[in-house]
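Here is a short briefing on one protein model. Keep the sequence and the 3D view open while reading.

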Amino acid sequence: MTTVSTTRSSPLKVAWVGLGKLGLPMAARIIQAGTAVQGFDLSSERLALAAALGVTPHQQLASAVADCDLVFVSIPDDRALIALCLETGELVRHMMPGSILVETSTVSVEASARVAEAAKAHGISYLRSPVSGNPVAAEAGTLSAMVSGPRDALATAKPVFEAFTKAQYWLGDEEQARVAKLAINLMIAVSAGMMSEALTLARKGNIEWDAMLTLISDSAVGSPMVKYKVPPLSQRDFTSTFSAAQMAKDLDLILDCAHTSGVTTPLAAQMREAYTALIATGHGDDDYIATVHHTERLSGLGEPTPAPHRGQ
């Protein structure tokens with residue numbers, strides 16, 4: 001794993017396709033850093049939000065990416081990626097030869113490889129660049145990018161990457177970044193399950209909800225992910241930054257990748273069953289940390305009783 005430096009100083013013409021919860025703040029960071037961004041999204045509402053943040057909106061994909069040196073993509077899943085790049089969207093065909101396609105989503109190795117083949121045939125450099133972080137990190141410009149593909153393309157794109165990431169880790173020439181992102185998301189999913197079991201065990205032991213959250217945050221297991229989730233957990237706020245249904249989708253990708261690679265992943269399988277239960281009981285649109293609902297329900301617990309006021 002290495003970082004990449006660049007000496008390019010001329011401005012790049014940039015487009016961003018997919019202006020969702022992560023895509024829009026990343027595009028906005030690029031604009032704040034002084035680079036214009038042309039934007040496209042299937043949602044007119046997202047395009048309007050993007051325009052309010054300085055993105056030049058386009059109703060047509062072809063015009064959005066016309067003559068752009070860099071085209072960033074942020075989409076939900078394999079199906080959307082293939083439809084956008086190869087089928088109805090024909091993104092690859094609309095991009096100019098010699099340009100760079102940067103795909104920032106969590107998708108399968110197989111879908112990504114299909115895009116790589118098409119990009120190569122059209123003379124386009126393809127960077128697989130899923131990001132690690134959340135919408136708050138995207139707004140702050142502190143995402144981490146896992147990158148694989150042509151290293152010289154990353155060097156060219158690095159000045160733009162620096163607007164919305166704190167680091168870019170080049171991992172190899174092919175699909176290594178896809179595998180790395182799935183590995184990271186496996187750890188996040190298992191961490192959510194771990195927190196849920198720990199919190200439920202603490203409640204059964206008559207430990208106040210907020211007291212245990214504070215202890216977890218300040219303990220040796222208080223990772224950035226744990227600390228990020230403590231405030232909403234304190235309020236029992238399961239508004240989604242990344243939903244249970246999205247995590248289930250990623251776990252399917254993780255399990256497929258593991259099976260193809262001959263890797264045993266019992267924890268991933270267990271967490272996929274937990275998210276299946278969450279979705280089946282109406283929590284699919286809740287944040288992925290709503291695994292606590294699943295564990296509490298199995299343990300015979302309802303909502304925690306608020307702690308008594310300790311002020312005057």
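This is a predicted model: local features need pLDDT of at least 70, side-chain atom pairs count only at pLDDT 80 or more; totals for chains, interfaces and linings use all residues.

UniProt lists a domain at residues 177–293. The disulfide count is 0.

**Largest pocket**
- The lining of the largest pocket takes in 48 residues.
- Nearest the pocket centre lie Leu22, Val131, Gly133, Lys181 and Phe242.
- By class, the lining holds 24 nonpolar, 18 polar and 6 charged residues.
- Helix H9 (176–204) is among the elements that supply at least two lining residues. H9 gives the largest share, 6 residues.
- Other helices supplying at least two lining residues each are H1 (23–32), H4 (78–85), H7 (135–140), H11 (224–234) and H12 (244–261).
- Strands S7 (131–132) and S8 (143–148) also supply at least two each.

**Annotated domain**
- The UniProt record, an unreviewed entry, names residues 177–293 "3-hydroxyisobutyrate dehydrogenase-like NAD-binding".
- Over this stretch the chain is 73% helix and 0% strand.

**Cysteines**
- A disulfide needs two cysteine sulfur atoms within 2.5 Å, and the count comes to 0.
- Cysteine 85 is in no disulfide: the nearest cysteine sulfur, that of cysteine 68, is 15 Å away.
- Cysteine 85 is buried, at 2% relative accessible area.
- Cysteine 257 is in no disulfide either, and the nearest cysteine sulfur, that of cysteine 85, is 20 Å away.
- Cysteine 257 counts as buried because its relative accessibility is 16%, and the cut-off for buried is under 20%.

Methods. Residues are numbered from 1 along each chain as its sequence is written. Side-chain values use heavy atoms; hydrogens and water are left out. UniProt positions are given in the numbering used here, feature names are shortened, and annotations may be inferred rather than shown by experiment. Helices (H or I, at least four residues) and strands (E, at least two) are DSSP runs, numbered from the N terminus. Buried means under 20% relative accessible area, exposed over 50%, partly exposed in between (1.4 Å probe, protein chains only). On a 1 Å grid over the protein atoms alone, a cavity is a set of points where a 1.4 Å probe fits but cannot get out, and a pocket is an open set with protein on both sides within 12 Å along at least five of seven lines; lining residues have an atom within 4 Å of a point. Ala, Val, Leu, Ile, Met, Phe, Trp, Tyr, Cys and Pro count as nonpolar, Asp, Glu, Lys and Arg as charged, and the others, Gly among them, as polar.
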